[in-house]
Amino acid sequence: MHLPDGFLSPQLTLPAFAVAAPLCAWAARRRFGPSGAEALPVLGTLTALAFVIQTIVIPVPGGTSTHLVGVTLLALLYDPLTAFVCEALVLVLQAVFFGAGGVTVLGVNALALGLLGPLCGWLVFKLIRPLGERVAAFLAAWVAMQASTAAVVGVLWLQRLLDPAYFPMEPAVMAAGMLLPSLTVAGLLEGGYTLLALSLLRKANLRGLDRPTA
Amino acid sequence: MASTDPRREPVSLPARTGEAGAPAERRLLLLGLVALFALSALTDPRWLGLAWAAALLLFRRGAARSLARLLGTVVPVSLGLSLASAGFTALVAGQPVAWRALGALNLRTTLLGFLTFSVLARVNLMRAVAPWPTAARLLAIALGQVHALRLLVTDSALGLRSRMVRRPGAVDVVRGAGAVTGTLFALSARNARDVADALRARGA
């Protein structure tokens, strides 16, 4: 779902970078604290956890595959800022060490996948939780996936408005190509995973890593 | 979301820090970053073609490997979307296809991918970030933990496959992933405590 390099012009990637980088630094300091010995292990391990969850490849009908995102689970277990910092670092690792995604689009991807999606999911969870935690967890992950995908589609649409020659793809094709798999397959799988993982973690009374207080 | 996922490649842990050649690597990394942003603004296929030729000339050593990675990651996404868009424009909308712009888009995405792979192949990132100890520590911890946690996920996937007669489907994998997440969290918590203790013992 995340954008590769070359789909967006510097008109969009540079402002996104300028917003995402200080926001990520602020969130990291606020959520993980200034002490290196306390903060770095937790931040590093949670990032690795998010990264590893995303390496779980799920076969889907049609011979292709998708992968889990897992960032909503972090937002529900901790908070959206923690999820944002971890997902931003995951995107950096993917782009810099593994060549997945892109370097110039890091800011856009971090804001769409790391901040907007988990934030929407977290809000939905808080809103629906009184009706039942399992339903809320499933819907939160599904909504998070759709919000992130819609944001990516929106940015591409904005790029087409800014310069049709730069991004000549039909918006209908782009929206269908990204939103349909997200609505029908990836969102449901992510919802199912988040529901299962959260239930098991609650049952085992295992919240995960305690984060140091700032 | 293609089946060829570069994140499944083995993680190679970085070498020691503080070796000779680090300033040159930092310069190359910085130049690469500036070049990526600058080249991402190009829309003329002729300029993009020239830039491609220059990149191939500059990074000819290891070009085959970078091109192979490009074919597995960037090309399927970029070309697939371009062809779908062209098909829609011609067959459904009945309008002329902007082949020049689509060609430029594909040249740009592949050029940026090639440049990224080629620069990264020449830079030891741990050595490059050595002047920033916090970033270096964070990278070392995250990559080390990725290595440790991924062993567990791989073992879990192999276990799931060995327990089933047929190939695990989407529901089986999601159920397995949900189950292994608890163990991942427990292991992460233990590893984080161990790393924190080690850092404190070294006066960090």
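In this predicted model, the buried residues of α3(B) pack against α7 of chain A together with α4 (99–122) of chain B. The buried set in α3(B) consists of B:S66, B:R69, B:L70, B:T73, B:V74, B:S78, B:L81, B:S82, B:S85 and B:T89. One of these, B:V74, is also the site of a kink of about 50 degrees in helix α3 (residues 63–92) of chain B. The kink lies shortly before the proline B:P76. Just after α3(B), B:G94 adopts a positive phi of about 65 degrees.

The contact between the chains can be taken next. Chain A contributes 66 residues and chain B contributes 67 residues. On the side of chain A that touches chain B, at least two residues come from each of α1 (10–32), α2 (36–53), β1 (57–60), β2 (64–67), α4 (80–97) and α7 (171–203). α2(A) provides the largest share of that side, 15 residues. By class, the residues of this side of chain A are 43 nonpolar, 20 polar and 3 charged.

Within chain B, a further pairing joins helix α6 (residues 133–163) and helix α7 (residues 170–201), whose axes come within 10 Å and cross at roughly 145 degrees. The crossing of α6(B) past α7(B) is right-handed. From α6(B), the residues that take part are B:I141, B:Q145, B:A148, B:L149, B:L152, B:V153, B:S156 and B:L160. They meet B:D172, B:G176, B:V180, B:T183, B:L184, B:L187, B:S188, B:N191 and B:V195 of α7(B). This contact of α6(B) with α7(B) has 10 nonpolar, 6 polar and 1 charged residues.

Methods
Residues are numbered from 1 along each chain as its sequence is written. Chains are lettered from A and ligands numbered from 1 in the order in which they are written. This is a predicted model: local features need pLDDT of at least 70, side-chain atom pairs count only at pLDDT 80 or more; totals for chains, interfaces and linings use all residues. Two residues are in contact if their C-beta atoms, placed from the backbone, lie within 7 Å. Helices (H or I, at least four residues) and strands (E, at least two) are DSSP runs, numbered from the N terminus. Ala, Val, Leu, Ile, Met, Phe, Trp, Tyr, Cys and Pro count as nonpolar, Asp, Glu, Lys and Arg as charged, and the others, Gly among them, as polar. The bend at a residue is the angle between axes fitted to the seven residues ending there and the seven starting there. A residue is buried if 20 or more other C-beta atoms lie within 10 Å of its own, exposed if 12 or fewer, and partly exposed in between; C-beta atoms are placed from the backbone. Axes are lines fitted to C-alpha atoms, for helices over the stretch in contact, and angles run from 0 to 180 degrees between N-to-C directions. A crossing is left-handed if the near helix is turned anticlockwise from the far one by less than a right angle, and right-handed if clockwise.
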